[in-house]
Each structure stands twice: as C-alpha cells, then as structure tokens.
Amino acid sequence: MSLSSALSTAQSIFNNSGTQSSVVSKNIANAQNPDYVRRSAMVVTGGNGAMIGDIVRSQNAPLLRQTIESSSVASGQRTLLNGLESIKNLMGGNDNELSPAKLITAFRNNLDAFTSKANDTGLGMAVISSAQDLASGLNTAADELQQIRKDADDQIKQNVDDLNSLLAKLETVNNQVKNATASGADANDALDTREGLVKKIAEIVGVTSYIRENNDLVLYTSDGVTLFESVPRKVTFQPTAGFDAATTGSGVYIDGVPLKPGETANTTAKGSIQSLLQLRDEIAPTFQSQLDEIARGLITAFAETGPDGTLTPLTGLFTYKDSSGVQQTAVPAAGTIVPGLASRIFVNPVVVPPAGTPDKLRDGGINDIDTDPTTPNPYVVNTGGSSYGDLLDKYNENLEGPMAFDPDTEIADAPDLLSFASDSMGWLEQLRSTATSADETKTAMLTHALEAYSSTTGVSLDEELSLLLDIEQSYKAGTKLMATVDEMMQALLDIAS
C-alpha cells in the first residue's frame, strides 16, 4: 500500500465515521418520536475505498399499511364507544336508576300502594310525585340525548376542519418529498413528516395509499374516493345550529361524495367521522324513538275513556304539548312514533297539588268536556267513595296490557309498556357491551401493529449505542493508520536529511 492510498483510506474512515456518528446521534435524539423512522448509513465500496452510499430509512410498507388501517378502525370504535357511554350516563349510574324502566317501577310501586288504600291522600300525592319524576326523567333524557347529537355534530365540524388542515399540510410536504427525490437530495425528514400526517388523517377517516414516481403519494378513502392526488380534495360539512327529535343533520362530503356512517355496535366505521355520523344519525335517534314510544305508552295507559270505556280517549294523568307548546288532549295514534314526545310529556296540572288533587286520578274526571256545572262530568268513573280503587287498578293493569310499538324502535316486539321500557335498556346495554368488546379487540390489534412496526422501523437505544462502539473502533483504526503514515513520512524525511 502506498502512502497516498493509506492517506486516502484514513480519510475515508474519518469521513465515514463522521457521517455514521451523525446518523446514529440523530437516531438517538429521536428515539421517543413516534413518527421518526430509523436511518442507516449504507457503506459501499468505491474506487478510493469504502464510502457512504446513501442514508436509508428502515421502511416497511406492509406494516405501515397495517398500522394505518388499525389506527382507523380503533379510532372509529373508540369514538362510538365514547358516544354510547355518554348515552349510558343519561340513565344514571351502574344501576340505571334514572332509566325509564326504573322510574316506571318506582311509580308503579306507589300506584300499587294507593290502589290498596285509595282513601289515603298522602299515598295519592306520592303517586303524583313519582309520576312527575317519571315525566321529568323522560324530558331530561330526551333533551340531553339531543345535546349528545349536537355535540357529535360539533365534533364532526372540528374533525372536518382538522382534516382539511392536515390535507393542506400534506400537499406542502408531499411536494418537498417529490422535489427532493427527483433532485437526489435527502427526503427522509419530509417522508417522516408525511407519514405522521397520514397517520393523523387515518384517525379521522379511513385511507389507503399509493406511491407513484418520485415518491408521489396518492390517498383514497376506504370507500375508494380520492382524498389527495397532487392537491387535496375538498371535504365539506354544514353544521346544524340545534337538534330536536325531528332534526336531520347534514352529511360529510369528500370531493362531492357523501361519507357513509358506520354500522352495528362492532362498527364498520374507519376513523372518527363515520362513527360520529353513526351516533348522531342512527343510534341516538333510535334511542330517542324508544323514549318517545315510552312517553306515548304512558299517555295511552292513563288515558280517560269514561265509566264504560266508550268515550273518546283523552289524555289523563300524563299529557303533552305540541311543538308550539300548546297542551293537547288527544291520545297519540297507536304504534306510531311521535317525534320528541318524550321531551314534551308532563303530568296533568289537574291532579297536582295544591291547585289540583290526586283524587281525580282515583275517580276519573281529569277531563271535563261539559261546561254546564249542573251536568255530571262524563269522564268520572268512581262515584262510590274515596275507598274505591278500581280505576287505579285498571291503570295498573294497562301498564302490562297489550300495546303496539313502532318497528323503527328496533324493539317493537315487546308485548307491553313495562317490557318495552326494560327492552330499551337491554338494547342500549347490548350495544355498549358489544362496542366495549370490539374496542378491546381493535385496540389490541392496533397495539400489536404499532409494536411490530416500531420493532422494524423504530430506534433501539441498545443497538444504536452498540453501533457507536463499532464506529469508535473504526475511528481508532483510522487514527492508528494515520499515526503509522506519520511515522513513515518522518522516517523518509530523516533519510532525506
């Protein structure tokens, strides 16, 4: 080996060690950065010895796709579960003490006591109080359920804004990647940034990707709609100012194509938007319809029909207001949802002390359609005295009597009102239980995907520190070589002198 080649070799060692040290240092500095992909300095053999050929990212496209897919699925499931938990909280604690089923049970217990001792005014007042609790519980649940829909609508708006912002950033970074790739510059940092943006986008809406020439990225939604191709496609949404039972929220459109809501408790949603649409437009409205049917069932069960049951049914203990706030006396049609009825049901003031009296519940005559004071009220049933509880017993039986419910409630096969109220809570609990199990499964899948991807592309401090030791040894070899060359040069100079 000539002295010149020895010097060239030593220089190559120092250059390579410097570059390798820089790469390893950057890896160590980003060890906790989830969007950072490990770099490796690739050493190749050249005309003047070994040299750094390229700085390579430890990419793994299949694992990246799996991670992005798992992230979308887990985000969709968790969003739905959170919504179901919010609805569950409307019903009280773990015992669902604020649920219509529990409130009806408490009301019925008081009604049983009043029936057995119909001359006890205190028991009558307890019935009215529990009836007010029941009506108020339905009002509150219905109103808060619509607030949950409004909150979901607000979250959709925020998600759409975030998605448009991420897509705008993606355009900038994708251009950086393309330009760097085409010019042969280092695109690794831009690739890391782009990958991080895609992961965040996947949490909002499910995506699939395709890489074209010069590392150009194209994104599609899970349904095949173009989301990004050179420039971002517009994602649009019109928020709704307020919700009631009859309100239909607007859809989310990607490049003019509507985004479908998720389906089932083990949701098909990929990303948070589809789950929010499912919660706002499917689950919450269905539960609202169940509350409305419970309210209609109560009004029907306590409707007044006169002594022989042939008079036109009019609202009794429970009545309601129409959408304009006017109290109604007509009993709603059987088996048909009245949207928002649960938020408008209330106890008839005629039976509420001190202005009213519970005796009218016991005896009938809440309605007096005859304005002539000399004519008996045709809706009065009990004229036998305060100890007669036959009408109360009839009302009690009506709670378990056959009743038809609207099929849109998804629990219309319930035979009576008590069963329907119980089935409503069962329906909600079944959804929540299924969603919880699915969330655990999908979260575990995401965890495994992240671990697999991280083990392949992430930074291991042990490996990096070990590599630093190897670089150190290489550097030492270079210094020894330089020392040897120096000695040889000194010897030559000594000979020449």
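Here is a chat about how some labels on this predicted model were reached.

Reader: What should I know about the model before we start?
Author: It's a predicted model, where local features need pLDDT of at least 70, side-chain atom pairs count only at pLDDT 80 or more, and totals for chains, interfaces and linings use all residues. Residues are numbered from 1 along each chain as its sequence is written, and side-chain values use heavy atoms, with hydrogens and water left out.

Reader: Why is the pair of Phe 302 and Tyr 395 called tilted?
Author: Their centres are 5.0 Å apart and their planes sit at 40°, so the pair counts as tilted. Phe 302 is in the loop between helix H6 (272–301) and strand S10 (318–321), while Tyr 395 is in helix H9 (residues 390–398), so the pair ties together parts 93 residues apart in sequence. Helices (H or I, at least four residues) and strands (E, at least two) are DSSP runs, numbered from the N terminus.

Reader: How do you know whether Phe 302 is buried or exposed?
Author: Buried means under 20% relative accessible area, exposed over 50%, and partly exposed in between (1.4 Å probe, protein chains only). Phe 302 has 0% relative accessibility, so Phe 302 is buried. Tyr 395 has 2%, so Tyr 395 is buried too.

Reader: What makes Phe 405 and Phe 420 stacked?
Author: The planes of Phe 405 and Phe 420 are 15° apart, with 4.2 Å from centre to centre, and that makes the pair stacked. Phe 405 lies in the loop between H9 and helix H10 (417–457) and Phe 420 in helix H10, 15 residues apart. Phe 405 comes in at 6% relative accessibility, so Phe 405 is buried; Phe 420 is buried at 0%.

Reader: Which residues do ring pairs link into a cluster?
Author: Phe 107, Phe 302, Phe 318 and Tyr 395 make up that cluster.

Reader: Why can you say that the charged end of Lys 321 sits over the ring of Phe 346?
Author: The rule wants NZ of Lys or CZ of Arg within 6 Å of the ring centre and within 35 degrees of the ring normal. The charged end of Lys 321 is 5.5 Å from the centre of the Phe 346 ring, and it does sit over that ring.

Reader: What makes a set of residues a nonpolar core, and which have the most contacts inside the largest one?
Author: A nonpolar core is a set of buried Ala, Val, Leu, Ile, Met, Phe, Trp, Tyr and Cys residues joined through side-chain atoms within 4.5 Å. The largest has 99 residues, with Ile 201, Leu 298, Phe 302, Leu 317 and Phe 318 having the most contacts inside it. Helix H4 (residues 121–183) gives the largest share of this core, 20 residues.

Reader: Why is Thr 264 called exposed?
Author: Thr 264 has 52% relative accessibility, so Thr 264 counts as exposed.

Key. Phe/Tyr/Trp six-rings, centres within 6.5 Å; stacked < 30°, edge-to-face > 60°.
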